[in-house]
Amino acid sequence: MRVPLSWIREFAPVEAAPSAVADALNEIGLIVDAIEAPGRDIGGVVVARVLEVVDHPDADKLTLVDVDFGQGQSRVVCGARNLAPGDVVPYAPPGATLPGGLKLERRKIRGQESDGMLCSAAELGLGDDHTGILHLGPSAPLGGDVREVLGLDDVVFELDITPNRPDAMSVVGVARDLAAKLAVPFTVPVPATPAGDGTSAPAEVEVVDAVRCPRYVAMTGSVAVGESPTWLANRLTLAGLRPISNVVDVTNYVLLERGQPLHAFDQGLLGGGGIRVRVAEDGERITTLDGVERELTREDLLICDAADAPQAIAGVMGGATSEVHSATARVLLESAYFAPEGILRTSKRLGLRTESSARFERGVDPNGVLTAADRAWELLAETAGGTADGPGVDAYPEPIGPARITLRTDRVNHLLGTTLTRDEIATHLRAIELDTGVVGNDLDVAVPTFRPDLEREVDLVEEVARLHGYNRFPRSLPRPTTQVGALTPQQVARRRVCDALVGRGLSEAMTLSLVSPSDLSKAGLPAVGIEVENPLRVEESLLRTALLPGLLRSVAFNASHGLPSVSLFEVGHVFLAPTGDDLLPDEREHLAAALSGAAGAEVHGEERPVDTHDVVGVLEAIAAALDLEAFTLQPATRPGLHPARCAAVYVEDREVGAVGEVDPEVVARIELPLPVVAFELDLGWCLTATKRVRRFAEPSRYPASTIDLAFSVPADVPARAVRGTLMAAADPLAEAVELFDVFRSDALGAGQVSLAFRLRFRAPDRTLTDSEVGEIRQACIAAVERTHGATLRG
Amino acid sequence: MTASDLIARLDAERGAADEAIRAARSAAEVEELDRRFLGKASVAASVKEQIKGLDTADRPGVGKALNEFRTAVEALLQGERERRAGGDGDRLGSERIDVTLPGRGPTRGHLHLVTQVQRELEDLFVGFGYRVAEGPEVETDWNNFGALNIPEAHPARSMWDTLYVRLGEPEQVLLRTHTSPMQIRVMQAQEPPVYIVMPGRCYRKETLDARHSPMFHQIEGLVVDRGITFGDLAGTIEAFTEAYFGAGHHARLRPSYFPFTEPSAEFEVTCIFCEGSGCGTCSQSGWIELGGCGMVDPNVFTAVGYDPEEWSGFAFGFGLERMAMIRFGIDHIKTFYENDVRFLSQF
């Protein structure tokens with residue numbers, strides 16, 4: 001909402017500087033997005049009259065225009081075609097300045113000297129109309145400063161009005177609040193209701209649906225359609241509306257000033273010259289003012305003529321057939337109160353939001369309807385030779401009165417932390433025209449119908465707070481007395497996991513939870529997931545079922561920027577189909593990681609491609625960070641991972657994810673750098689998994705014995721299993737069993753792999769003898785050979 | 001011992017010192033030898049003690065020998081120290097490495113900036129005594145709107161561009177547009193008092209570009225207790241502002257509208273760039289708008305079964321990306337989700 005300061009001053013004598021006015025508006029919640037002083041950058045632009053227009057000799061689209069600007073005459077080259085002798089226009093002579101810092105100079109255009117320029121509205125910073133030269137009223141004084149003529153010496157506040165304040169979508173409403181805040185008088189002149197001469201019968205008005213249309217005022221009269229006077233056109237232009245004709249401009253003026261949308265029908269084009277308000281039939285059609293034919297439903301309220309032909313979508317937009325035009329002689333002016341919910345539904349379904357619907361859907365003042373019509377005829381009389389036939393028809397079968405709310409003084413102070421007295425509270429409320437009566441220590445408040453947002457006691461508490469000043473309350477810091485602040489064990493564990501990953505050199509990524517089917521299929525996953533009902537584009541049409549597709553895209557993004565070696569992880573939600581009768585998805589917290597390119601590339605020394613063991617190492621770091629009791633890998637085949645280089649991850653016999661090398665086909669599809677290794681886990685489950693029991697074990701003070709054993713083992717035997725066998729065979733003397741060498745060779749034979757372990761034995765209470773060590777060694781060898789079909793290598 | 005015995009002992013010791021110092025393998029060993037040959041328990045110390053028992057005539061001779069011993073051993077020690085410190089090339093030259101090369105082992109990674117900001121804020125409110133609550137990102141219309149006093153046909157619905165998902169009845173299930181449904185979940189799950197913050201991902205119907213994102217993160221606080229006032233809300237925002245941005249940073253509130261709070265406010269904090277004097281970032285106002293807040297609307301309490309006459313409370317919330325963008329001068333929200341390591345590694 002754009003509000004010129006000069007307009008506010010018609011209702012409240014605000015003398016403060018624009019910045020102080022803006023501060024006051026902000027403090028009462030009418031947020032100032034911008035303060036515009038449109039005339040600030042304009043200098044030396046004057047009013048001129050067009051004397052003659054001739055074609056440019058060397059350019060089809062240009063004309064030469066002679067103008068008289070009071071102190072002399074000039075000739076300018078002009079590109080616009082909307083000029084004729086006698087027009088009064090803004091003229092910027094050489095030396096004049098325009099918004100944007102342009103300073104005019106005399107120059108030649110296609111060989112013809114141009115002595116300055118004539119200006120469009122846009123060139124003067126008034127809206128974005130470039131289509132022609134701005135026409136000033138014929139009464140504008142030649143040579144006068146256009147800033148004064150156009151009201152550009154005004155200041156305009158661009159306000160962001162919250163949806164609960166329909167009253168503040170008007171100059172009067174803004175002025176009321178501002179006057180209360182600045183403690184200046186506030187008066188709105190009351191227009192007289194037209195008396196008429198009693199010769200014309202009032203128009204016929206039938207309101208079929210009085211629930212949807214509680215009040216309908218129709219006031220007819222005669223008008224002379226023409227251009228608006230300059231002051232009216234300027235006001236609308238400053239407020240962001242484009243002047244159209246005096247009659248339409250008056251309705252818009254009242255809309256801006258009072259917040260009451262009006263509609264002027266050409267009465268001669270209304271069947272029967274009257275009005276019928278009813279809901280539409282399903283499939284009924286109407287062509288609106290914007291030339292669009294729209295199909296309606298029984299949800300929509302229609303303004304029809306007395307012959308029942310649709311003439312307007314109530315509260316949203318007028319129809320094309322009865323639109324006011326240049327030859328209109330009689331108008332029927334509609335001022336009405338429509339039920340807000342109905343207007344909201346219609347406007348939303350049609351995708352048609354107008355200045356009118358925006359106000360009706362929030363609730364206009366049902367008791368301001370007649371005053372607005374009176375005000376319009378007052379203005380039509382002044383600007384369009386208008387004469388109303390009489391007071392018109394006012395269909396208002398069940399008048400809506402002010403709401404009455406009890407406001408407890410204690411409640412105000414209890415919620416605000418203040419010690420306001422009943423009378424201080426009453427003073428605040430009366431400043432915005434809320435009547436207050438006294439009931440003991442409390443107030444009986446009458447809420448005028450222009451404030452439909454004030455329905456409950458607490459709404460009045462907000463008004464008191466707003467007018468008292470939000471920043472004047474004593475501030476205090478409440479603290480709980482029945483809990484201590486802390487993260488949950490799961491929240492602590494999650495942080496520990498992320499910190500461990502960061503310590504291992506991985507950086508945290510965040511990818512969109514919304515993916516496309518092809519994101520999933522490219523990553524080797526089924527292209528199905530929970531669908532977004534109303535996505536803006538297919539790229540954001542599914543909820544992700546896994547983190548890896550997004551993470552791989554991030555790897556690809558970095559590779560395409562010359563960074564093929566990255567280590568990334570992400571923690572986030574994935575969304576699986578609801579389980580059982582659940583309405584909501586099976587939403588889980590996952591953790592995924594991807595390593596690409598070279599390992600060790602960041603330091604001097606050996607650089608090699610990352611491999612699966614690197615990412616398994618990361619996984620082990622997570623298991624260690626979580627202190628997991630039971631964490632194992634089992635060779636497996638999982639979608640998106642290399643079938644021969646993949647394992648399922650188990651925690652306590654539950655499969656919680658998979659790890660491995662990303663399937664080369666996926667790598668090729670996503671154009672990833674080679675190679676990429678990755679895992680994805682159900683982190684939420686891991687966070688709640690059983691932790692290892694921690695008990696102190698006294699380290700032995702006796703020396704250790706270390707032996708190395710190398711086995712030739714069938715290649716499909718997991719080394720982890722062999723290690724487990726060794727640990728068991730040497731229990732309880734095995735202090736450590738480490739795999740230190742793995743290789744395959746022709747000498748071993750196909751399908752065999754050499755696994756070399758270093759075993760450290762130690763007893764808690766004695767030094768192990770050579771023969772004891774020999775026995776354990778034999779037990780270990782026998783166990784591995786028996787269990788895994790292995791042979792000891794010489 | 002006689003004077004000549006003492007001199008002989010010093011001579012012998014000098015030979016031993018010469019041999020030992022030349023054979024020293026480390027700087028520590030050199031210092032050890034210093035103590036052995038010149039320290040309190042050394043032969044030299046013993047000789048010095050015994051000089052007192054000699055005839056006056058014999059004393060100068062032994063004294064001189066002792067001085068010569070000390071001078072010689074000190075010179076040897078010093079020479080060895082200097083050699084170790086740098087001089088003498090061949091053997092060390094081949095062993096020398098550039099110790100200033102970058103250290104080995106994985107270079108530390110980086111938490112995402114949003115996570116860092118989230119943790120800082122969580123920790124700060126934990127310090128105020130709050131707990132941290134988390135919940136689902138796909139929600140019911142009831143939790144996201146209905147229970148928060150935003151009925152279906154309400155103009156305020158247009159404040160949120162909502163993405164719905166194909167589950168249940170049309171427009172029954174949605175991607176939460178704010179973290180506020182967690183207020184409902186928490187209050188339905190426990191009796192007051194409540195002191196929590198709720199961080200998490202939120203969604204809106206926008207396409208990812210420089211200025212818009214279909215996804216962002218919020219953190220929201222909720223306090224419900226007996227006698228909680230608007231002054232408590234303002235004081236909490238002030239305390240958080242000072243704790244997070246540092247001393248000298250303040251908060252101010254101005255009236256706004258949210259269906260789930262009444263009174264409602266937007267809060268602004270002292271501009272972190274100009275410290276309140278006015279600059280381009282804060283449009284010369286000295287303040288930067290950060291988030292929304294207000295006293296919990298009685299209708300919200302009623303929806304979760306709390307008695308609004310017995311309990312009162314406040315809520316506040318703001319966007320983490322926005323916070324980070326302001327604090328670190330990031331222009332495009334898209335930056336947060338591209339995961340360019342050149343961005344991630346800056347924080």
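Me: Leaving aside its neighbours within four places in sequence, which residue of chain A is in contact with B:Asp225?

Reply: In this predicted model, the contacts of B:Asp225, once neighbours within four places in sequence are set aside, include B:Pro192, B:Pro193, B:Trp311 and B:Gly313 of its own chain.

Me: Is B:Asp225 buried, partly exposed or exposed?

Reply: B:Asp225 lies in strand 5 of chain B, which covers residues 215-225. Because a residue must have 20 or more other C-beta atoms within 10 Å to be buried, and because B:Asp225 has 19, the residue is classed as partly exposed.

Me: How many residues of chain B are in contact with chain A?

Reply: On the chain A side, 81 residues take part, and by class they are 39 nonpolar, 24 polar and 18 charged. On the chain B side, the number of residues in contact with chain A is 76.

Me: Which element of chain A gives the largest share of the side that touches chain B?

Reply: The elements that give two or more residues to this side include helix 2 (18-27), helix 7 (340-350), helix 13 (489-503) and strand 31 (567-576) of chain A. Helix 12 (457-468) of chain A is also one of them. The largest share amounts to six residues, and the element that provides it is helix 12 of chain A.

Me: What radius of gyration does chain A have, beside that of a compact globule of 794 residues?

Reply: The C-alpha atoms of chain A fill a box of roughly 130 × 85 × 55 Å along the principal axes, and 44% of the 794 residues count as buried. A compact globule of 794 residues would have a radius of gyration near 28 Å, but the value for chain A is 41 Å.

Me: How far apart do the C-alpha centres of domain 1 and domain 2 of chain B lie?

Reply: Chain B is divided into domain 1, covering 3-95, and domain 2, covering 113-344. Between the C-alpha centres of these two domains of chain B the distance is 76 Å.

Key. Residues are numbered from 1 along each chain as its sequence is written. Chains are lettered from A and ligands numbered from 1 in the order in which they are written. This is a predicted model: local features need pLDDT of at least 70, side-chain atom pairs count only at pLDDT 80 or more; totals for chains, interfaces and linings use all residues. Two residues are in contact if their C-beta atoms, placed from the backbone, lie within 7 Å. Helices (H or I, at least four residues) and strands (E, at least two) are DSSP runs, numbered from the N terminus. Ala, Val, Leu, Ile, Met, Phe, Trp, Tyr, Cys and Pro count as nonpolar, Asp, Glu, Lys and Arg as charged, and the others, Gly among them, as polar. A residue is buried if 20 or more other C-beta atoms lie within 10 Å of its own, exposed if 12 or fewer, and partly exposed in between; C-beta atoms are placed from the backbone. Domain bounds come from an automatic or database domain assignment. The radius of gyration is taken over C-alpha atoms; the globule rule is 2.2 Å times the number of residues to the power 0.38.
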